[in-house]
Amino acid sequence: MNEAQDLFSLLRQSTDVDPQAIDAIKRTIAEGKDRELCRINAPAFASKHGLDEERAISAFLHAARVGIFDISWNVLCPGCGGVLDTNATLKTLQKDEYTCALCSEGYSPTLDEMVEVTFTVSPRVRRIAAHNPHELPLVEYFRQIYWASGVDLPEEDFAKKIEAFSLEDIELAPGEKAVLPIQLPSEFTIVFEPVTHSAQFIDGKGVPTKERRSLSLVFDRDHVQNQTLEMQPGPLRISLENRTDTRVLPTVFIAGQELHDFLGKRRPFLTAKRLLTNQTFRDLYRTDTLDINQRLKITSLTFLFTDLRGSTELYERVGDLSAFDLVRVHFQVLHEIVAAEAGAVVKTIGDAVMATFATPDRAIAAALRMREAMRELNDKSGREDLLLKIGVHSGPCIAVSMNERQDYFGQTVNIASRVQNLANAQAIFATRAVVGDNLTADLLHRNALTPVPHEVSLRGIEREIAVYTIP
């Protein structure tokens with residue numbers, strides 16, 4: 001524990017880490033069950049301990065940076081919530097498609113809802129059973145390793161809940177063979193193996209029989225799924241062979257309502273998209289996010305661009321030194337507002353800022369606060385020196401690595417930048433994709449703001465688009 005104490009002392013030296021979050025993390029490591037320290041869902045942790053979500057996420061990131069936690073980037077099946085692939089960094093997520101054997105579906109990964117980020121306590125701090133996953137009991141392997149943190153699994157009677165839709169299960173050591181006798185029901189049944197992610201579907205149909213049938217299954221890394229078999233209900237001997245170098249855990253599930261209900265309960269989790277738009281993450285992991293050749297899809301991300309109107313005249317009017325101080329203060333204020341609204345500054349270009357937010361409403365909230373902050377700075381100086389133009393747009397994009405920085409590419413970025421160029425002094429311009437969002441509409445309504453629409457032509461964009469002025 002001496003090393004753990006040293007790491008927590010180091011963590012407390014970070015002045016921007018919430019002390020309450022540190023206390024909750026330290027208490028959980030000292031007193032929590034092993035499974036509570038494996039693939040921690042940061043939003044769920046915050047809710048359980050009464051913490052602010054953003055501050056909790058920031059605390060976990062700082063704790064991981066000093067070595068208290070290991071970060072895991074897990075590719076998820078959006079159907080069953082299973083973890084299809086696990087990566088220590090986002091850089092190793094290289095496949096264009098993943099297949100879930102349990103759902104019999106293929107998916108092209110996006111960073112929105114298909115990649116979760118979790119935190120597991122480091123063995124340096126506390127040894128837990130999941131550090132040796134192939135020694136976990138079968139039920140705990142499913143709970144801690146196979147299913148993602150977004151599946152809302154029951155805390156109590158977990159094994160009993162699984163028994164409700166399970167017929168049989170067995171553990172096979174490397175090279176081991178076994179026979180699993182079952183009574184095949186008149187239902188759709190799945191022989192699922194979570195280590196190799198392999199499945200055999202059996203459709204129990206027809207008149208029940210007393211004749212004993214046989215089925216042979218081999219588990220290896222190459223053949224993860226077989227065609228669906230149609231069989232009469234009745235006695236079935238399943239011969240199993242493990243040809244991998246690890247143990248396997250074949251389990252027979254009844255694909256009925258109990259299974260669907262069990263997997264249908266979901267809760268919020270920390271997505272890769274949300275983490276990439278987190279200022280703390282960008283500050284701590286500036287050069288350790290994406291590989292230079294990676295192109296990762298994001299279904300929807302909100303971009304906010306700002307620029308100072310008349311900054312050249314500002315330097316001419318007040319002099320280089322005073323103008324530089326004004327611009328520096330303006331950047332500091334914008335950075336603070338972006339971080340407070342759960343966004344991240346991607347880059348600054350001259351007097352302009354490019355920031356990202358996971359949802360449109362947080363971008364608009366930031367824009368309104370920015371406009372008010374510039375008014376307050378101008379009132380304080382008695383001059384209209386800081387005239388901020390703001391443009392906001394939301395849509396799909398690609399996360400890339402450019403100039404040793406995690407950046408974004410695509411038409412959505414281009415449109416957001418051009419929308420900002422339309423804005424005049426102290427104006428906020430946003431597209432229909434932003435103001436049409438329900439949470440954004442609620443935010444504007446609460447602030448008694450009615451967006452004014454107009455059709456515009458943007459350079460490089462063939463069609464006219466609807467742009468709204470937010471007064």
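**Exercise 1.** Which residues of strand β10 (residues 213–219) form the covered face, and which the uncovered one?

*Solution.* This is a predicted model, in which local features need pLDDT of at least 70, side-chain atom pairs count only at pLDDT 80 or more, and totals for chains, interfaces and linings use all residues. Residues are numbered from 1 along each chain as its sequence is written, and side-chain values use heavy atoms, with hydrogens and water left out. Strands are DSSP runs of E with at least two residues, and helices are runs of H or I with at least four, numbered from the N terminus. In a regular strand, side chains alternate between the two faces of the sheet. In β10, Arg213, Leu215, Leu217 and Phe219 lie on the covered face; Ser214, Ser216 and Val218 lie on the uncovered one.

**Exercise 2.** Determine the strand order and the pairing of the sheet that contains β10.

*Solution.* Two strands pair if DSSP finds at least two bridges between them.

1. β10 runs parallel to β12 (residues 234–242), joined by seven bridges; Val218 has Glu241 as its bridge partner in β12.
2. β7 runs antiparallel to β12, with eight bridges; the partner of Lys177 in β12 is Glu241.

**Exercise 3.** Where is Gly436 found, and is Gly436 buried or exposed?

*Solution.* Gly436 is in the loop between α14 (432–435) and α15 (438–446). Buried means under 20% relative accessible area, exposed over 50%, and partly exposed in between (1.4 Å probe, protein chains only). At 52%, Gly436 is exposed.
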